Amino acid sequence: MSAAAAPAASPRKATPEAPIVTAGLTKRYGDLTAVDNLDLELRRGEIFGLLGQNGAGKTTTILMLLGLTEPSGGTARVIGLDPARDALRVKRQVGYLPDSVGFYGDLTGRQNLRYTARLNGLQGAGAEATIESVLEHVGLLDRADTPTETYSRGMLQRLGIADALVKDPEILILDEPTAAIDPIGVVEILDLLRQLVRERGVTILLSSHLLTQVQSVCDRVGIFASGRLIGLGTVAELATRFGNDTGRVEVSFEGEQATAAAGRIGPTLSALDHVESVDAPAQPTDPWTLVVKPASAGRAVREAVLAVAARESLGLTAIRSTEASLDEIYRAALKQTGLQQADRDTAAEATDPEGSD
Amino acid sequence: MTAAKAQAEAPAPMERSVPRAGWLVVAGKEFADHLLSVRFFVLLLVLGLAAGIPLFLAAERIRSLASEVSGAQAVFLALFIIGPQDVSIFGLDVSVQGFIGLAAPLLGIAFAFDAVNGERAQGTLPRLVAQPIHRDDVINGKFVASLAAITLVLLAVVLLISGFGLLRLGIVPQWAEVLRLGLWFLVTVVYVALWLAFGLLISVVIRRAATAALVGFGIWMLIAMFGRFIVNLLLGAFAPVSSSAPVDQTLSTFQLHDFVLRLLPTTLYNEASSVLLNPSLTQTSTPATVGQLAQVQQQVPTLLALDQSLLLVWPQVVALLALSVICFAIAYVRFMGEEVRA
Ligand SMILES: Nc1ncnc2c1ncn2[C@@H]1O[C@H](COP(=O)(O)OP(=O)(O)OP(=O)(O)O)[C@@H](O)[C@H]1O
Ligand SMILES: [Mg+2]
């Protein structure tokens with residue numbers, strides 16, 4: 001009886017293989033190497049985030065995983081199959097949301113999804129129930145029967161996610177799934193993704209450059225820069241690797257006292273042991289961020305802050321350790337590899353006969 | 001126990017089957033789109049006029065012809081090949097046959113020029129090729145849908161004309177004529193298919209639909225209106241016909257002209273179409289020898305049997321099919337290996 005409410009969950013074969021594996025995957029466009037020797041292995045039921053700046057090679061990687069473009073080298077395996085050879089079986093199991101997704105404007109959202117269902121060999125009452133439920137999941141049920149040419153960009157994006165879900169996929173590949181979606185919508189979509197993983201064991205690969213969102217939803221992330229994977233792991237792992245062993249403590253003070261003592265707080269906090277730097281907020285009542293080194297000194301710093309606050313008779317409203325944000329990790333990672341790049345350039349210059357006379 | 005019950009109540013697991021004929025799904029959607037499209041109404045209008053105008057103008061002539069030669073053969077087919085006297089457009093006589101020959105390429109291009117690049121522009125192509133169907137299913141489905149839409153209207157028009165002849169002019173067709181008409185219809189569908197294949201090809205190769213339309217109609221115009229002119233111009237420069245040359249040489253020059261003109265699909269269709277609809281046409285090519293020439297001149301006008309007509313047009317039909325296959329092959333090759341990026 002709940003058939004209409006929830007997409008029909010199908011039993012999944014417990015294949016031991018990782019859902020997505022790449023080995024030395026490479027794509028060249030002429031001289032440009034868009035994806036360079038990518039080795040990646042996704043685990044069943046995880047949400048994996050592919051991060052990178054514009055032109056880093058995220059979309060190209062995704063296209064190769066779907067067999068939409070031929071790799072120049074290396075191999076990709078999706079559910080144990082070669083996406084170039086076994087294209088149909090791979091595409092039957094993989095839901096894909098392209099970046100800047102489009103729909104047939106003169107058809108309604110529901111008709112568009114119906115077409116996708118047919119192309120996947122799904123028809124009849126079962127398919128209609130699935131369509132109804134995915135539309136509900138992405139919050140488009142009230143607009144389902146208007147032509148998609150009247151949809152806003154964010155609504156098209158939601159319909160795109162619904163479209164990827166219609167075939168009840170085992171793997172979801174989403175290229176910038178939250179682009180053009182409003183902040184509340186983003187939270188809803190990310191919740192939906194987590195729900196899919198929890199209830200149906202879907203494996204999700206998503207690409208993004210909206211780092212805070214990725215941080216909140218991804219189990220693991222891979223950082224891409226000019227076609228190469230420069231970091232891979234959980235956010236915490238990457239924080240230790242690229243964060244130079246720093247931690248963060250956030251402190252909030254009570255309003256009036258903080259305003260009165262605004263000038264004093266900064267120097268006092270900076271003077272504490274293990275505190276590398278202090279980020280002053282724009283408003284003295286907003287949280288202050290202390291960068292702690294080594295990361296393990298977080299607890300000691302928190303206690304020191306409590307002591308200082310008592311001494312200076314400042315009322316604390318909150319104090320907590322936070323993880324390094326992915327934003328910072330990302331910048332650090334880019335900077336480190338950027339430096340390596342610069343090193344190589346100078347090395348090349350040094351051996352240049354004209355440069356060394 | 002309860003678990004087993006829940007299991008029984010749960011919806012049957014959805015089949016993980018790939019559709020057996022992806023092209024059929026694509027064709028179904030495209031055909032439904034066509035029937036509601038502006039272009040379908042234009043198709044109705046164009047073919048309706050193509051049938052209506054000549055018939056209206058030539059009705060008197062056909063009626064008098066019918067009463068004059070009552071009992072004569074092939075009067076029914078005259079409905080399709082006789083136009084009003086002294087009226088011609090683009091050098092073509094204004095008959096149903098002539099009009100349909102003119103409209104077929106236009107319709108073929110109009111129904112296919114935006115097939116693939118339109119999907120690209122809408123951003124639906126990446127989604128479409130990410131579904132579990134073969135890439136060629138996309139092209140094949142669109143081809144079948146367009147051909148079905150055009151054929152449907154064409155059939156309606158032919159039946160209407162026949163009905164008009166039958167009821168208003170009282171012309172009863174003979175079986176041989178019905179057969180001829182059916183064969184002509186088939187050849188016309190092949191001709192439309194050729195231009196559809198050509199339209200699909202440009203829709204794959206040219207990224208912008210507007211450019212594709214321009215190129216498509218431009219090429220049609222070049223072939224249909226100026227093709228003969230251009231061929232004559234070129235051959236006039238390289239293989240001129242001179243009055244002082246011996247008959248043998250003149251004949252071989254004419255043959256060369258024939259051959260080059262036959263590379264044009266318009267010539268192929270017009271020849272096949274005239275032979276099939278007009279049993280008194282006994283040949284399509286220039287006589288090859290002086291002996292043959294003399295033979296032709298001495299010929300008693302006769303009506304050709306159907307199988308003889310068929311023999312005459314067979315090469316043309318094969319050539320039309322071959323041209324379609326070539327267009328298709330190029331479109332496939334271009335589309336298959338292509339990267340589909342949003
Ligand atoms: N068809 C093509 N021909 C040549 N170069 C290409 C082609 N497609 C992509 N590239 C190049 O490949 C690189 C990777 O592109 P890709 O689309 O994968 O980046 P991305 O990480 O998805 O970026 P974005 O965040 O902007 O979507 C870019 O430098 C791009 O210019
Ligand atoms: Mg991209």
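Predicted model: local features only at pLDDT ≥ 70, side-chain atom pairs only at ≥ 80, totals over all residues.
Domain bounds come from an automatic or database domain assignment.

View 1. Residues are numbered from 1 along each chain as its sequence is written, chains are lettered from A and ligands numbered from 1 in the order in which they are written, and side-chain values use heavy atoms, with hydrogens and water left out. Chain A splits into domain 1 (20–241) and domain 2 (244–322). The C-alpha centres of these two domains of chain A are 41 Å apart.

**View 2. An open four-stranded sheet in chain A.** Helices (H or I, at least four residues) and strands (E, at least two) are DSSP runs, numbered from the N terminus. Two strands pair if DSSP finds at least two bridges between them. The strand order in chain A is β11-β12-β10-β13, with antiparallel pairing. β11 (275–279) and β13 (316–322) of chain A are the edge strands; each has a single partner strand, so one side of each lacks a neighbour in the sheet. On average, neighbouring strands of this sheet are turned by 20° against each other, direction ignored. Axes here are lines fitted to C-alpha atoms, for helices over the stretch in contact, and angles run from 0 to 180 degrees between N-to-C directions.

**View 3. Strands β10 and β12 of chain A, with helix α11.** β10 (residues 247–253) and β12 (residues 288–292) of chain A run antiparallel and are joined by five bridges. A:V249 has A:L290 of β12(A) as its bridge partner. Helix α11 (residues 298–311) of chain A lies across β10, β11, β12 and β13 of chain A. Contact means heavy atoms within 4.5 Å. The helix runs at about 165° to β13(A).

View 4. A:N37 is not a glycine, yet its phi is near 50°, a positive value. A:N37 sits in strand β2 (residues 32–42) of chain A. A:A180, also not a glycine, has a positive phi of about 70°. A:A180 belongs to the loop between β6 (171–175) and α6 (183–200) of chain A.
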